[in-house]
Amino acid sequence: AKDAGGNNMQFYAHEMNARALARFTIEGGLRRSLEREEFVLHYQPQIDVLTGKVVGMEALLRWHPLDKPPMSPADFIPIAEETGLIVPIGEWVLRSACKQTCLWQEQGYAPLRVAVNLSARQFKQKNIVSLVKKVLDETGCKPEWLELEITESVVMEDPQSATDTLQELSNMGVHLSIDDFGTGYSSLSYLKRFPIDTLKIDQSFVRDISTDADDAAIARAVIALAHSMRLEVVAEGVETIEQLDYLRAQGCDLMQGYYFSRPLPPEDIEKFLKMNKSR
Ligand code: C2E
Ligand code: CA
Ligand code: CA
Ligand code: CA
C-alpha cells in the first residue's frame, strides 16, 4: 500500500504542473478565507475634478492569508471566478462595503457613494437583484449610496439579459457604472439602452495620455460620447498632474488614481477625508 501511495504521488507530481498546483493551493486557501476572516477591503477615493472633493470610494478586495504573503486580486479573483467562490466572497464584499459607508456617515462624514465591483459570475446569478436588495435592507445602506461596477465585456456577453438586470437594479435606485470602458466591444446602440449612470475610462488609456496621441484621442472621445448620452465619466489610474490636466481640459467629471491616493484601509481613509474636508 505504501508503494502504491508513493507511485500515486509520483503520478500527481508528474501530471500536475506547477501552475495547476498553485491554482489548487490558492483554491484551497480561498475556500477557508471567509471563515478565517482573511479578507479586508481597501478604499480608493474618487475626486470631483471641479471641486477637488471626494465624492465616492471604490472598494477593492485584499486577501491576507494567515500563513502566506498577501496576494493581488488580479491573481486570485480569476480563480475565485472559475471555482464559483466569487459568489460568497462577492456577497461579503458587498455587505462589508455597505456597512462601511453607513459607519462613516454615522461618524459624521458627508455621504459617500461606495462602488463595488461585480464579477461576471455574480452579475449572472439569478438572485443578484434580490441579494442587493437584501444587503441594502440588512445594512441600512440607501440605494443611492451604492454603485455597482460591471465590466463592458460582461454586459456585452448577453446584452438583452444584462439590460433586464441593470434595469431592475436601476429601478431600485442603485448607481451603475461600466468598468474598464474601451477595452471590450460595446455596441453603441446597446450602450444607449443600458440604464447606466457612469462610464469608467480604463487606465490603459490614461497611462500614456500625455505621450500617445491615440490614447489621448480615445480618452477625449469616450468623454464626449459619455456626455452626449448624459453619463458621468470617471478616469481611473490617474498618476500624474499631466494626466489630470489633460482629462480636466476634456471635461472628465471624476478621477481616481495614485495621484490622489492609493487604495487605503478604512482608518487611513478617515485621515484622508479629514484632510480633504479642510480644502
Ligand atoms: P479594477 O476594478 O479596474 O480596479 C482598479 C485597479 O487599479 C485596482 O487594482 C487599483 O488598486 C488599481 N489602481 C488604482 N489607481 C491606480 C493608479 O493610479 N495606477 C495604477 N497602476 N493602478 C491603479 P487592484 O486593487 O489590484 O484590483 C485589480 C482588479 O481586481 C480590479 O480592477 C477588479 O477587476 C478586481 N477586483 C478588486 N476587488 C474586487 C472585488 O471586490 N470584486 C471583484 N469581482 N473584483 C475585484
Ligand atoms: Ca472597478
Ligand atoms: Ca477598472
Ligand atoms: Ca481593470
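Author: A metal donor is an N, O or S atom within 2.8 Å of the metal (3.2 Å for Na, K and Ca); water is not among the atoms, so sites may look incomplete. Here the calcium ion (ligand 4) is coordinated by D180 (OD) and D180 (OD), at 2.9 to 3.1 Å. D180 also coordinates the calcium ion (ligand 3), 3.6 Å from the calcium ion (ligand 4).

Reader: What kind of model is this, and how is the numbering done?

Author: This is a predicted model, where local features need pLDDT of at least 70 and side-chain atom pairs pLDDT 80 or more, while totals for chains, interfaces and linings use all residues. Residues count from 1 along each chain as written, chains are lettered from A and ligands numbered from 1 in written order, and side-chain values use heavy atoms, without hydrogens and water.

Reader: Which side chains have an N or O atom by an oxygen atom of ligand 1?

Author: A polar contact pairs N or O atoms within 3.5 Å. For oxygen atoms of ligand 1, the distance is 3.3 Å to the side chain of E58, 3.1 Å to that of N117 and 3.4 Å to a polar side-chain atom of D180.

Conventions. Polar contact = N/O pair within 3.5 Å; in protein donor to acceptor, adjacent residues only side chain to side chain.
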